[in-house]
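Dear colleague,

Please find below the structure that I am handing over to you.

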Amino acid sequence: LKDVEDKVDEFGEFLQIALGSATEVEYLILLCKDIQLLSPQIYEDLQIETTQIKKMLASFIKKLRSEN
């Protein structure tokens with residue numbers, strides 16, 4: 001049982017890192033838009049996708065913590 005709890009904790013840490021990485025991506029696509037490497041439409045599409053991914057990760061992390 002302890003081994004399973006350790007794996008769950010480790011997976012939670014992985015998800016937290018993934019959430020941080022998604023936040024970095026969010027910043028980088030904003031930067032690319034600001035220096036005109038992305039069109040406003042492509043930026044908006046990427047922003048929507050990134051926001052959805054961050055919401056999914058946050059929800060998964062919350063559920064994992066509530067069950068642990």
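The notes below concern the salt bridges and the exposure of the residues that form them.

Please bear in mind that this is a predicted model. It holds 4 salt bridges, and three of them are described here.

**Helix 1**

Helix 1 covers residues 2-34. Within it, Lys2 and Asp6 are joined by a salt bridge between their side chains, with an N to O distance of 3.7 Å. These two residues are 4 positions apart in the helix, which is about one turn. Lys2 counts as exposed because its relative accessibility of 56% is over the 50% cut-off. Asp6, by contrast, has a relative accessible area of 36% and is therefore partly exposed.

**Lys33 and Asp34**

A further salt bridge links Lys33 to Asp34, where the closest N and O atoms are 4.0 Å apart. Lys33 has a relative accessible area of 29%, so this residue is classed as partly exposed.

**Helix 2**

Helix 2 spans residues 40-67 and contains both Lys63 and Glu67, again 4 residues apart, or about one turn of the helix. Their salt bridge brings the closest N and O atoms to 2.8 Å. Glu67 is exposed, because its relative accessibility of 58% lies over 50%.

Yours sincerely

Conventions
Residues numbered from 1 in each chain as written. Predicted model: local features only at pLDDT ≥ 70, side-chain atom pairs only at ≥ 80, totals over all residues. Heavy atoms only, no water. Buried < 20%, exposed > 50% of the residue type's maximum accessible area, 1.4 Å probe, protein only.
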